Amino acid sequence: MKLLVTGGLGFIGSNFIRHILGSRKDAKIVNLDLQTYAGNPANLADLASDPRYRWVKGDIADPKIVDKCMTAGIDAVVHFAAETHVDRSILDAAVFLRTNVIGTQVLLDAALKYKVSRFIHVSTDEVYGSVPKGFSKEGDALEPNSPYAASKAASDLLVRSYFVTHKAPVIVTRASNNFGPFQFPEKALPLMITNWIDGLPFPRYGDGKQVRDWLYVLDHARAISLVLDKGVVGEIYNIGGIEHCENNELIETVRGIMGKPKDLVWEVPDRPGHDRRYAIDCGKLKKLGFKHAFKFSQALEQTVRWYQQNEDWWRPLRSDASYKAYYIEQYRSRLASGVSTGRK
Ligand code: TYD
């Protein structure tokens with residue numbers, strides 16, 4: 001099986017590629033990745049000399065490079081490439097629309113032209129918006145609240161339209177918050193761990209009572225692999241995690257693992273439009289036979305250890321250490337000017 005993976009130098013894409021090459025002897029992978037700030041060749045350094053793996057540096061929104069990748073006789077596309085950080089989308093949405101929407105359209109057109117047999121579009125539970133209670137099902141209305149979530153919802157709908165209009169063999173997956181090795185240290189968990197290694201506080205947005213559903217990245221990779229084999233074309237599959245908890249609980253658990261004092265939490269103004277709670281129903285995925293392989297506490301501890309043991313990997317990524325302070329300053333000035341934080 002020959003796969004075109006997009007965004008394979010990113011956090012989830014790189015874990016997926018390693019999982020596939022480790023679990024399928026017949027797999028070959030072309031990884032189309034632009035190497036933006038979040039795409040890092042070091043994430044797949046161990047595969048650099050594997051003859052089954054090839055990285056093509058390029059933009060998914062560029063039809064020429066996408067066409068070149070598809071001519072290599074691709075069986076299936078697994079599309080991870082996306083701008084994903086909510087905070088960045090609040091400050092500048094343009095690149096989110098270009099990559100997440102236009103990039104998806106370019107890939108879909110090429111997949112149709114070259115008649116690939118599967119197109120897995122990797123999406124997020126954030127498209128459902130904040131869910132005060134209960135669990136989002138795949139057919140629920142999309143109510144994205146951040147420009148990031150809106151760009152993913154737009155791409156999900158575009159994928160759906162290619163199924164209805166062109167009979168494209170698409171499947172959409174919507175995962176909850178991922179954690180694990182190689183996650184860029186701007187997302188909550190790696191930011192917390194790496195700040196605490198350096199004795200810096202973690203900036204907690206608002207009251208910290210937001211609820212997230214934490215999915216270990218290797219379970220996510222296993223779920224996508226299953227969907228690739230057994231998923232039904234035209235369907236959507238939620239991929240949820242193993243632990244629902246408030247950010248405050250997550251902070252306490254990581255503090256316990258790392259043995260850090262309480263004053264390393266810095267209360268900062270809330271993120272504008274901050275979703276209070278995400279929760280998804282994964283019954284459909286479980287009907288395909290999916291079971292989580294990792295326990296939350298063990299996976300979390302392993303993740304903390306990974307960051308403790310891999311400073312060489314994350315330290316260069318934090319060289320622009322001011323970037324978070326800059327965001328927080330933005331929030332402060334927005335609040336001071338009376339712009340709603342959008343909290344529910
Ligand atoms: P994040 O990793 O950005 O994922 P998402 O917002 O897409 O769910 O954030 C996870 C949670 O942690 C979310 O409720 C926002 C919160 N958070 C903070 O409190 N401080 C931070 O510096 C960051 C990055 C996130």
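**Reading the ligand shell, the cores and some single residues**

Reader: How many residues surround the ligand, and which are the closest?

Author: A residue is near a molecule if one of its heavy atoms lies within 4 Å of it. Here 20 residues surround the ligand, and the closest are Glu126, Pro203, Arg212, Arg271 and His274. The model is predicted, so to speak of local features needs pLDDT of at least 70 and side-chain atom pairs count only at pLDDT 80 or more, while totals for chains, interfaces and linings use all residues. Residues are numbered from 1 along each chain as its sequence is written, and side-chain values use heavy atoms, with hydrogens and water left out.

Reader: Which polar side-chain atom lies 2.7 Å from an oxygen atom of the ligand?

Author: A polar contact is a pair of N or O atoms within 3.5 Å; within protein, one must be able to donate a hydrogen and the other to accept it, and residues adjacent in sequence count only if both atoms are side-chain atoms. The side-chain atom asked about belongs to Arg212. Backbone atoms take part too: a polar one of Pro203 is 2.6 Å from a nitrogen atom of the ligand, and a polar one of Tyr205 is 2.9 Å from an oxygen atom of the ligand.

Reader: What percentage of the ligand does the protein bury?

Author: Accessible areas come from the Shrake-Rupley method with a 1.4 Å probe; for residues, only the protein chains shown count as cover. The ligand exposes 500 Å² when taken alone, and the protein buries 97% of that.

Reader: Which elements give two or more residues to the shell around the ligand?

Author: Helices (H or I, at least four residues) and strands (E, at least two) are DSSP runs, numbered from the N terminus. Helix 3 (86-91), helix 6 (188-197) and strand 8 (202-205) each give two or more residues to this shell. Strand 8 gives the most, with 4 residues.

Reader: How many residues has the largest nonpolar core, and which have the most contacts inside it?

Author: In soluble globular proteins, nonpolar side chains tend to be buried together. A nonpolar core is a set of buried Ala, Val, Leu, Ile, Met, Phe, Trp, Tyr and Cys residues joined through side-chain atoms within 4.5 Å. Buried means under 20% relative accessible area, exposed over 50%, and partly exposed in between (1.4 Å probe, protein chains only). The largest core has 31 residues, and Leu3, Phe16 and Val78 have the most contacts inside it. Elements giving two or more residues to this core include strand 1 (2-6), helix 1 (11-23), strand 4 (76-79) and helix 7 (217-230). Helix 7 gives the most, with 6 residues.

Reader: Which residues does Phe16 touch?

Author: Contact means heavy atoms within 4.5 Å. Residues up to four places away in sequence aside, Phe16 touches Leu3, Val5, Val78, Phe80, Ala221, Ile224 and Ser225. A second, separate core has 29 residues, among them Phe182, Leu300, Val304 and Leu317.

Reader: What is the phi of Phe182?

Author: Most residues other than glycine have a negative phi. Phe182 is not a glycine, yet its phi is positive, about 75 degrees. Phe182 lies in the loop between strand 7 (177-179) and helix 6 and is buried, with a relative accessible area of 13%. Gln35, also not a glycine, has a positive phi of about 55 degrees. Gln35 is found in the loop between strand 2 (28-33) and strand 3 (53-57), and is partly exposed because its relative accessible area is 31%.

Reader: Which side chains does a polar contact of 2.7 Å join?

Author: Those of Thr6 and His79. Thr6 lies in strand 1 and counts as buried because its relative accessibility is 0%. Beyond four places in sequence, the contacts of Thr6 include Leu32, Ile60, Val78 and Leu107.

Reader: Is Lys64 buried or exposed?

Author: Lys64 is exposed, with a relative accessible area of 70%. Lys64 lies in helix 2 (residues 63-70). By contrast, Leu108 in helix 4 (residues 94-113) is buried, at 2%.
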